[in-house]
Amino acid sequence: MKGNMKRTCKLKKRDPILMHFEQAAKSYSITEFDCHFRKIKRKEHVAQYLEEARLHKWSRAHMDGRRYNVMTTNIAESINSVLRFARTLPVVHLIGEIMNLLVKWFTERRELALKCTTTLCPNFGEKKLRNRLEDAARMNVVKVNNAQFNVLDSHMDGLVDLTNNTCSCRKFQLEQLPCKHVVAVCRFLKVNVYSKASRYYTRKTWMDAYSDSIYPIQPHGMWDIPEDVRS
């Protein structure tokens with residue numbers, strides 16, 4: 001998206017508008033998005049290009065559902081970049097390279113998961129949550145009622161609703177991982193913050209994802225082909 005915008009709108013490599021685009025795209029709330037998009041509108045043709053591309057296609061604040069930060073939405077391009085040399089091979093050899101690559105990935109990730117000692121995956125869950133624990137330590141929590149809590153944050157306050165598992169900053173519901181406001185409420189209530197994280201971030205789910213083995217294809221002469229397939 002960013003590359004297409006640069007080419008179509010003829011922007012220079014270090015044009016400040018690109019920074020505002022990244023910040024707008026990564027914003028969680030509509031208010032934060034609007035703040036950055038107002039700066040983009042200084043270049044009318046760029047704003048028009050982005051609006052015609054439809055905001056929910058590239059803006060986290062406008063998206064439908066909870067897809068970003070949970071899974072990639074462009075796995076085909078990710079595989080293409082890894083196989084950029086193998087794609088020049090004949091199809092049969094290309095399939096072999098893909099198989100070998102998957103065997104390697106599954107083995108490496110399975111071993112990493114087995115060595116993991118934290119509740120959540122180290123990079124995608126545990127690291128983020130630990131940083132938020134530090135931020136939450138400096139916040140004050142005001143109880144609104146039995147389910148809602150207002151968290152006083154020097155940057156942007158957050159209204160947490162534990163009944164609906166939401167926070168006004170929207171990070172909690174979009175990432176499915178406790179934001180700093182939810183972490184502060186958990187500390188206030190002496191609730192285990194890990195219980196608020198989605199199971200997809202857990203070590204167990206990580207291990208389950210790579211628990212199966214992928215076996216290499218045997219030479220053609222060793223294939224056991226059923227008669228109905230032969231015919």
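Strand β1 (residues 140-143) and β2 pair in the antiparallel sense over four bridges, where pairing requires at least two DSSP bridges between the strands. The model is predicted: local features need pLDDT of at least 70 and side-chain atom pairs count only at pLDDT 80 or more, while totals for chains, interfaces and linings use all residues. Residues are numbered from 1 along each chain as its sequence is written, and side-chain values use heavy atoms, with hydrogens and water left out. Helices (H or I, at least four residues) and strands (E, at least two) are DSSP runs, numbered from the N terminus.

β2 also pairs with strand β3 (residues 158-161), again antiparallel and over four bridges. The two pairings are set out below.

F149 and V151 lie on the covered face of β2, whereas Q148, N150 and L152 lie on the uncovered one.

V151 is also one of the residues, with C167 and V182, that touch the most other members of the largest nonpolar core, a set of 21 residues. Such a core consists of buried Ala, Val, Leu, Ile, Met, Phe, Trp, Tyr and Cys residues joined through side-chain atoms within 4.5 Å; buried means under 20% relative accessible area, exposed over 50%, and partly exposed in between (1.4 Å probe, protein chains only). Two or more residues each come from α7 (122-136), β2 (148-152) and α9 (180-189). The highest contribution, five residues, is that of α9. A second, separate core has 16 residues, among them C9, L11, A47 and L50.

Beyond its neighbours within four places in sequence, C167 is in contact (heavy atoms within 4.5 Å) with G158, L159, V160, F172, Q173, C179, H181 and V182.

Helix α6 (residues 91-115) has 25 residues and spans 36 Å from its first C-alpha to its last, close to the 36 Å expected at 1.5 Å a residue. That expected span is 1.5 Å times one less than the number of residues. L94, L101, F106 and A113 of α6 are buried.

F106 is touched by D212, as is R110, not counting residues up to four places away in sequence. D212 sits in the loop between α10 (203-209) and α11 (227-230). Why is D212 classed as exposed? D212 counts as exposed because its relative accessibility is 56%. Its C-alpha is separated by 35 Å from that of M1, 211 residues away along the chain.
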